[in-house]
Amino acid sequence: MKSFWENYRSPGFFDELITEKGTARPAARKLVNHFCRLDPGEMVARGNAAELAIKEMGISFTIYSEGQNIDRSWPFDIIPRLIKASDWAMVRQGLTQRSRALNAFINDVYNEQKILADGLIPAEVVLESKDYKKPCIGFRPKYGVWAHVCGSDLVRDGGGTFYVLEDNLRVPSGVSYMIENREVTKRVLPDLFKNYSVRPVNDYPSRLYSTLASLSPRERKRPCVVVLTPGIYNSAYFEHAFLAQGMGAELVEGSDLFVGKDDCVYMRTVDGPQRVDVVYRRIDDEFIDPEVFREDSALGVPGIIRSWRKGNVAIANAPGSGVADDKVVYAFVPEMIRYYLKEKPLIDSVKTYLCMLQEDLDYVLENIENLVVKPANESGGYGMMVGPHASKADHRKFRDLIQKNPRNYIAQPTLCLSTAPTFVDGGIAPRHLDLRPFILQGKNTWVSQGGLTRVAMREGSLVVNSSQGGGSKDTWIIEQRK
Amino acid sequence: MLSSVAERLYWMARYLERVEDTARLTYAYTQFILDTPRGSEPGWRSLIDIIDGHESFDRRYKNYNERNVCKFLIADLDNMSSIRHSMRAARENVRTTRDVLPEQCWELVNELYIYVNSNAEKVKARQSRLDFLDHVLAMSAQIYGVISSSLSHDHAYRFMRMGRNLERADMTSRVVDVAVMTAMDGNLGDEASTWIWGHLLKSLSAVTAYRREVGPLVDANDVVNFVFGDQNFPRSISYCLAVFRRDSRALRNHAQLDKPLISMGRKLSRFDASKMSLEKLHQYIDVFQEQLIKLNLLVYQSWFSK
């Protein structure tokens with residue numbers, strides 16, 4: 001059914017597969033041809049097959065609705081998104097650089113605070129942030145690395161240039177879906193791979209294990225790594241189990257661990273206590289140790305911060321890493337790269353207005369209907385406002401919110417997010433998307449091949465979060481013919 | 001191996017075994033009814049006896065008819081032994097132990113769960129019920145196949161096998177008990193009471209094994225002795241306990257279980273149905289089930305407590 005694709009246009013946006021004239025981009029030509037040969041019935045059949053595979057593989061995420069936990073199947077679009085390996089090489093370098101600078105920054109603000117003394121970043125932005133954790137001051141983790149796993153959200157503008165939209169340094173999730181999306185495509189569209197050399201993505205768990213093992217305080221051939229989950233009701237539980245399995249590590253909850261008299265961390269096993277070297281924690285700082293942070297936390301391990309500070313256990317990401325996750329701090333990342341690495345940033349950040357600065361505040365209040373306003377430290381797309389899509393009442397509400405607490409808000413221009421052909425309502429239509437690659441840093445730094453592409457399934461929408469109805473696509477980094 | 005994971009694996013295996021046993025029992029009973037001449041059917045009540053389900057059954061139904069009993073055994077979520085409830089519990093335990101199990105195991109368990117959940121309510125007619133149970137039995141076999149051929153036979157495997165064998169010994173003894181009680185009832189003619197013992201073998205998939213080991217004649221005492229004491233049949237109580245004991249001894253901290261297991265084994269080796277009245281046999285089974293409950297408790301104390 002050719003007409004699906006013949007009439008496809010995405011005016012005003014950079015489309016990942018189709019040019020403005022409606023022809024396939026050179027790298028996507030074979031893929032588009034393949035889909036052109038599928039009639040609507042077959043497209044629906046493949047879509048259903050993907051849905052069934054997802055259900056049977058149990059790829060799910062949990063959402064909270066009306067006080068209930070609902071396990072939802074992972075939303076997936078069968079048309080992959082393509083990125084040329086040569087384009088990706090640039091992005092990888094940029095992300096590596098960014099991750100090194102961010103870690104240098106975190107290590108600095110918990111120790112010498114040089115960047116604050118030199119006045120590059122206003123000290124109060126960092127020191128008064130709720131994510132600046134006092135119990136972490138003066139600690140130096142191995143290799144000076146705090147954020148071992150980083151998920152940065154990338155977008156492409158109208159010209160196709162990649163920008164970093166935000167860095168997730170606390171407990172970024174989504175990597176298991178990146179891997180499972182590929183598995184689903186392999187199951188339902190195996191022929192699509194015939195004409196392409198696609199870089200595999202399933203080595204992530206072993207890369208993660210190497211990174212975590214490099215943090216072990218004890219020199220051992222196979223350090224004891226555990227994945228600490230808040231439990232089955234967490235929205236990312238599927239991923240916690242997936243990664244534990246992929247690493248051959250134990251998946252533990254707080255109650256499975258305890259800190260012994262020797263200030264080492266142990267897990268309760270059928271053979272008695274066993275010492276743990278590295279905790280890959282997927283619970284937030286606030287809940288990790290009731291002795292230090294929230295006393296009412298039943299998810300954490302009492303005393304684990306003491307053990308960590310004594311160097312008896314490694315925690316990834318290190319507590320306190322979230323200080324660099326703040327959207328105000330984000331605005332300063334290019335400065336950090338120049339300051340710590342003496343390099344020019346290889347990948348841009350999106351222009352960010354800091355409401356804490358009078359000049360920026362005036363601009364934001366004046367132009368709120370054209371801007372995206374975000375709270376400085378929320379994730380999951382909660383509490384944000386997309387100016388052009390919001391009502392007058394919302395504009396008023398956000399003007400008030402910002403004026404009450406300017407430090408807590410930033411604003412960015414509404415980006416012309418790139419689009420890709422997506423199978424919706426029995427046809428092909430452009431939908432906006434972003435990309436979350438994953439960066440690992442321990443002894444070495446490594447960036448995933450591609451990442452998780454998230455798609456806003458509603459027409460014109462820019463909100464890609466799965467908790468808010470977003471979908472996803474398999475992401476192909478393709479090798480060019482020599 | 002984490003204590004909490006060991007506990008979930010143990011229960012996952014118990015629930016999966018319960019699914020399989022209940023399916024086999026319902027399947028065999030439906031066929032048994034087909035074999036019995038009209039008018040002398042023993043009724044469906046005894047299936048509820050087996051699982052000790054009268055309390056929750058009476059809360060929902062008045063009549064112990066085929067439709068109600070089968071619905072209760074297959075689809076009712078408030079019956080803790082129903083196929084649907086057990087499957088849901090098994091899946092929940094696999095969902096929280098996916099990291100130790102072969103990937104295919106989760107997919108199969110999930111698939112069976114989806115199948116049971118969407119078909120359990122529909123199986124009113126005998127034909128669709130038998131098809132349903134057939135499928136459940138086939139899938140259960142497949143799940144065990146994957147577990148025994150792709151999971152290392154390490155602690156994880158041992159805890160699963162311990163759960164499975166305990167559940168199985170329990171179910172086998174219940175099936176015998178119901179046969180004993182049906183026979184004691186005396187309302188059935190002589191001919192029907194010999195069917196009881198043949199049917200008992202069928203409910204345990206033991207017909208071929210019995211024929212090869214004992215012979216083609218179905219005799220009450222021989223059947224009970226076989227089901228209790230055979231050393232090689234994987235559903236006999238002696239076999240289940242012997243494997244259970246071997247698994248427990250491969251783990252640390254097994255000391256508490258040694259004594260009761262040795263004494264149970266000794267008692268079983270002296271077991272002879274021909275020297276007992278049906279009444280005595282019924283009492284014997286009662287005591288045996290209490291011992292199984294105690295074993296379960298010791299498993300908790302030795303390995304799962306925090």
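In the predicted model described here, B:M184 is placed in helix α8 (residues 155-185) of chain B, where helices (H or I, at least four residues) and strands (E, at least two) are DSSP runs numbered from the N terminus. Together with B:M181 and B:L278, B:M184 forms a nonpolar surface patch that has about 210 Å² of accessible area. Patches consist of residues with over 30% relative accessible area and no salt bridge, nonpolar side chains (Val, Leu, Ile, Met, Phe, Trp, Tyr) being joined within 5 Å and like charges within 9 Å. Accessible areas come from the Shrake-Rupley method with a 1.4 Å probe, and for residues only the protein chains shown count as cover.

Residues are numbered from 1 along each chain as its sequence is written, while chains are lettered from A and ligands numbered from 1 in the order in which they are written. Because the model is predicted, local features need pLDDT of at least 70 and side-chain atom pairs count only at pLDDT 80 or more, whereas totals for chains, interfaces and linings use all residues; side-chain values use heavy atoms, with hydrogens and water left out.

Between chain A and chain B, contact (heavy atoms within 4.5 Å) involves 24 residues of chain A and 26 residues of chain B. The two chains bury about 2,300 Å² between them, 45% of it on carbon and sulfur atoms; buried area is the accessible area (1.4 Å probe) that two parts lose on being put together, summed over both. Of the area that chain A buries against chain B, 30% is supplied by A:Q245, A:V270 and A:D271, more than by any other three residues.

The interface contains 2 salt bridges, each defined by a side-chain nitrogen of Lys or Arg within 4 Å of a carboxyl oxygen of Asp or Glu. A:R187 pairs in this way with B:E107, the closest N and O atoms being 3.2 Å apart. On the side of chain A that touches chain B, at least two residues each come from α3 (40-56), α9 (237-247), β7 (250-252) and β9 (265-269). Helix α9(A) gives the most to this side, with 5 residues.

Over all chains, the whole structure holds 55 salt bridges. One of them joins A:R140 to A:E112, with 2.5 Å between the closest N and O atoms. A:R140 lies in the loop between α6 (123-127) and β4 (149-156) and A:E112 in the loop between α4 (85-109) and α5 (114-117) of chain A, so the pair ties together parts that are 28 residues apart in sequence. Both side chains are partly exposed, A:R140 at 48% and A:E112 at 46% relative accessibility.

A further salt bridge in chain A is formed by the side chains of A:R220 and A:D277 (3.1 Å, N to O). This pair links distant parts of the chain, 57 residues apart: A:R220 is in the loop between α8 (204-213) and β6 (225-228), and A:D277 in the loop between β10 (272-275) and β11 (278-281). A:R220 is partly exposed at 39% relative accessibility, whereas A:D277 is buried at 0%. In chain B, salt bridges that share partners join B:E17, B:E20, B:D21, B:R24, B:R164, B:R168 and B:R235 into one network.

Definitions and conventions:
Buried < 20%, exposed > 50% of the residue type's maximum accessible area, 1.4 Å probe, protein only.
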